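Hi,

Here is the model I promised to pass on. Could you have a look at it first, and then read my notes below?

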Amino acid sequence: MKDDRQDIRLLSIFHYVVAGITALFSCLPFIHMALGIAMLSGALDGDGPGESPPALFAWLLVLLSAVFILCGWTLSTFIFIAGRRLSQFRNRLFCLVIAWIECIIIPFGTILGVFTIVVLTRDSVMELFERDSRSGNNNVSSPGHDS
């Protein structure tokens with residue numbers, strides 16, 4: 001049991017790290033967004049007629065980069081929440097789903113996702129999550145219950 005708690009504590013810490021790395025790399029499309037905005041503003045127009053980039057291309061750069069940024073930040077938020085839930089021994093199913101999704105973040109997310117799946121599918125860990133949820137040992141007071 002003590003090893004399970006230690007494993008989950010380490011997984012929680014690594015979830016925070018991978019969430020930060022994911023959020024950081026999700027900011028890379030800002031370069032493309034800035035390029036698209038520069039195209040739309042006319043900063044990249046040439047000297048002669050017809051030398052400006054097409055507006056459709058510029059809008060695609062701006063919109064697609066915004067979608068990638070928002071998806072990356074959303075994913076990193078969910079990874080952070082999963083790390084928090086792991087440390088509280090709450091929502092095992094949510095943590096498993098996020099671990100499966102994390103596997104698309106090569107290489108760190110894949111490694112963390114696989115280890116998280118392996119740990120969370122242990123019988124002793126399942127009992128640990130069930131016991132802590134039944135005893136109310138979630139480190140969070142739920143609304144409607146007096147402490």
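**What I found**

Let me begin with Arg122, which is partly exposed at a relative accessible area of 29% (buried is under 20%, exposed is over 50% and partly exposed is in between, using a 1.4 Å probe and protein chains only). Please keep in mind that this is a predicted model: local features need a pLDDT of at least 70, side-chain atom pairs count only at pLDDT 80 or more, and totals for chains, interfaces and linings use all residues. Residues are numbered from 1 along each chain as its sequence is written, and side-chain values use heavy atoms, with hydrogens and water left out.

**The charged network**

How many salt bridges does a search of the whole structure find? There are two (a side-chain nitrogen of Lys or Arg within 4 Å of a carboxyl oxygen of Asp or Glu). In one of them, the side chain of Arg122 meets that of Asp4, at 2.8 Å from N to O. This pair links distant parts of the chain, with Arg122 in the loop between α5 and α6 and Asp4 in helix α1, 118 residues apart. Helices here are DSSP runs of H or I with at least four residues, strands are E runs of at least two, and both are numbered from the N terminus.

The side chains of Asp7 and Arg122 also form a salt bridge, at 3.0 Å from N to O. Here, too, distant parts of the chain are linked: Asp7 is in helix α1 and 115 residues separate the two partners. Through shared partners, Asp4, Asp7 and Arg122 are joined into one network. As background, side chains of opposite charge can pair when their charged atoms come close.

Is Asp4 buried or exposed? Asp4 is buried, with a relative accessible area of 6%, whereas Asp7 counts as partly exposed at 24%. The side chain of Asp4 also makes a polar contact with that of Ser124, at 2.5 Å (N or O atoms within 3.5 Å, where within protein one must be able to donate a hydrogen and the other to accept it, and sequence-adjacent residues count only if both atoms are side-chain atoms). Leaving out residues up to four places away in sequence, Asp4 touches Arg122, Ser124, Val125 and Leu128 (contact means heavy atoms within 4.5 Å).

**The overall fold**

The protein has six helices and zero strands. Of its 147 residues, 31% count as buried. Among contacts between residues at least 6 apart in sequence, 69% join residues at least 24 apart.

**Inside and outside**

The largest nonpolar core has 21 residues, and Ile8, Ile79, Leu86, Leu120, Val125 and Phe129 touch the most other members. Helices α1, α3 (55-87), α4 (92-102), α5 (108-120) and α6 (123-135) each supply at least two residues of this core. A core is a set of buried Ala, Val, Leu, Ile, Met, Phe, Trp, Tyr and Cys residues joined through side-chain atoms within 4.5 Å. Beyond its neighbours within four places in sequence, Phe129 is in contact with Ile8, Leu86, Phe89, Arg90, Arg92 and Leu120.

On the surface, Leu10, Ile13, Phe14 and Val17 form a nonpolar patch with about 320 Å² of accessible area together. Patch residues have over 30% relative accessible area and no salt bridge; like charges are joined within 9 Å, and nonpolar side chains (Val, Leu, Ile, Met, Phe, Trp, Tyr) within 5 Å. Areas come from the Shrake-Rupley method with a 1.4 Å probe, and for residues only the protein chains shown count as cover. Val17 lies in helix α1 (residues 2-25) and is partly exposed, at 43%.

**Backbone details and a buried serine**

Phe89, in the loop between α3 and α4, has a positive phi of about 55° although it is not a glycine; at 10% relative accessibility, Phe89 counts as buried. Asn91 lies in the loop between α3 and α4 and has a positive phi of about 50°, again without being a glycine. Asn91 is partly exposed, at 37%.

Which peptide bond is cis? That is the bond from Ile106 to Pro107, with omega near 0°; Pro107 lies in the loop between α4 and α5.

Finally, Ser65 in helix α3 is buried, with a relative accessible area of 3%. Not counting residues up to four places away in sequence, Ser65 touches Pro29, His32, Met33 and Leu60.

Best wishes
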